[in-house]
Amino acid sequence: LSFSSGLTHESHRKDVEQVYLRCSEGSIEWMYPTGALIVNLRPNISPASYKHLTVCIKPFKDSAGANIYLEKTGELKLLVRDGDRSPSRVYCFGYDQGGLFVEATPQQDISRKITGFQYELMSKGIAADLHTASAPCRPCSDTEVLLAVCTSDFVIRGSIQNVTNEAEEQESIIHVGVNKLYRQKSKVFQLTGESGNWRGQIKTLLECGVKPGDGDFLFTGRMHFGEARLGCAPRFKDFQRMYKEAKDKGLNPCEIGPD
């Protein structure tokens with residue numbers, strides 16, 4: 001959704017505009033911001049399910065001209081300060097904690113300002129997977145791996161070709177060579193080059209210290225703002241063992257060919 005307050009902004013300085021969004025994900029781009037926006041997220045689901053939702057927003061890298069607040073019953077809590085350049089920072093809150101209030105800051109030249117952010121609505125369980133406050137780099141248990149295979153946005157068997165560390169964004173990019181693609185929600189992993197090899201990139205936290213290594217892994221994870229985020233990633237031989245043990249006991253939550 002893209003819109004403009006216009007450059008003749010003096011008469012609109014105190015205007016407050018309501019915006020209603022029905023999609024579960026998307027983006028807002030506010031050109032020449034003046035006044036304020038109240039962003040109402042109204043997904044096409046039962047209102048009874050709202051309490052189970054988490055909202056995440058990710059400001060554009062060059063977003064400027066407004067502060068973004070979490071608003072509930074007239075109280076404002078600052079989420080993103082105008083001019084905050086924290087790269088790739090994601091802000092999440094429960095749907096029932098309030099809505100978004102975007103207020104333009106006084107500017108001498110608003111023609112150079114565009115405020116924008118991406119947003120996603122997801123279940124609180126998925127959000128917890130993506131933003132684990134405690135031990136985000138902890139290895140998954142057997143049960144967690146088997147469940148991840150059933151519920152993740154992507155599941156692949158592959159090897160780590162290279163790891164690129166981005167210190168500014170506190171993230172690592174894992175360059176993966178794919179040996180078998182079990183599932184992917186988006187086309188992150190694609191055929192490349194004349195050799196016809198499948199490749200793709202997965203992001204994770206820099207603090208997890210991922211390094212290139214030999215052997216195959218089972219990579220699972222979720223899509224978040226168009227990027228593949230790493231979930232459980234056991235060595236493939238360990239996955240084969242836990243899958244066989246669960247299958248022999250009739251405890252595997254879903255079928256997937258482990259070979």
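Student: Is strand β15 largely enclosed or open to the outside, and how many of its residues are buried?

Tutor: Strands here are DSSP runs of E with at least two residues, helices are runs of H or I with at least four residues, and both are numbered from the N terminus. A residue is called buried under 20% relative accessible area, exposed over 50%, and partly exposed in between, using a 1.4 Å probe and protein chains only. Strand β15 covers residues 217-224, and it is largely enclosed by the rest of the structure because the number of its residues that are buried is 8 of the 8.

Student: How far can I rely on such details, and how are the residues numbered?

Tutor: This is a predicted model, in which local features need pLDDT of at least 70 and side-chain atom pairs count only at pLDDT 80 or more, while totals for chains, interfaces and linings use all residues. Side-chain values use heavy atoms, with hydrogens and water left out, and residues are numbered along each chain as its sequence is written, starting from 1.

Student: Which residue of β15 is the bridge partner of G158?

Tutor: Two strands pair if DSSP finds at least two bridges between them. Strand β11, residues 154-166, pairs with β15 in the antiparallel sense over 5 bridges. Within this pairing of strands, the partner of G158 in β15 is F217.

Student: With which residue does the side chain of R229 make a polar contact of 2.7 Å?

Tutor: R229, in strand β16, is buried, with a relative accessible area of 15%. A polar contact is a pair of N or O atoms within 3.5 Å; within protein, one must be able to donate a hydrogen and the other to accept it, and residues adjacent in sequence count only if both atoms are side-chain atoms. The side chain joined to R229 at 2.7 Å is that of E171.

Student: Which side chain is joined to E171 by a polar contact of 3.5 Å?

Tutor: E171 belongs to strand β12, residues 171-184, and is buried at a relative accessible area of 7%. Its side chain has the 2.7 Å polar contact with R229, and the polar contact of 3.5 Å is with the side chain of K203.

Student: How many residues apart in sequence are the parts tied together by C56 and C92?

Tutor: A disulfide is a pair of cysteine sulfur atoms within 2.5 Å, and the structure holds 4 disulfides. In the one formed by C56 and C92, the sulfur atoms are 2.0 Å apart, and with 105 degrees about the S-S bond the link is right-handed. C56 lies in strand β5 (residues 53-59) and C92 in strand β8 (residues 91-94), so the parts that the pair ties together are apart in sequence by 36 residues.

Student: Is the disulfide of C137 and C208 left-handed or right-handed?

Tutor: C137 is joined to C208 with an S to S distance of 2.0 Å. C137 is partly exposed at 32% relative accessibility, and C208 is partly exposed with a relative accessible area of 25%. The torsion about the S-S bond is about -85 degrees, so this disulfide is left-handed.

Student: How many residues apart in sequence are the parts tied together by C150 and C254?

Tutor: A disulfide joins C150 to C254, with an S to S distance of 2.1 Å, and it is left-handed because the torsion about its S-S bond is about -100 degrees. C150 lies in helix α2 and C254 in the segment after α3 (236-248), so the pair ties together parts whose separation in sequence is 104 residues.

Student: What is the pairing when the bonded cysteines of the protein chain are numbered in sequence order?

Tutor: The structure holds 4 disulfides, and each can be written as a pair of such numbers. In sequence order, the pairing reads 1-2, 3-6, 4-7, 5-8.
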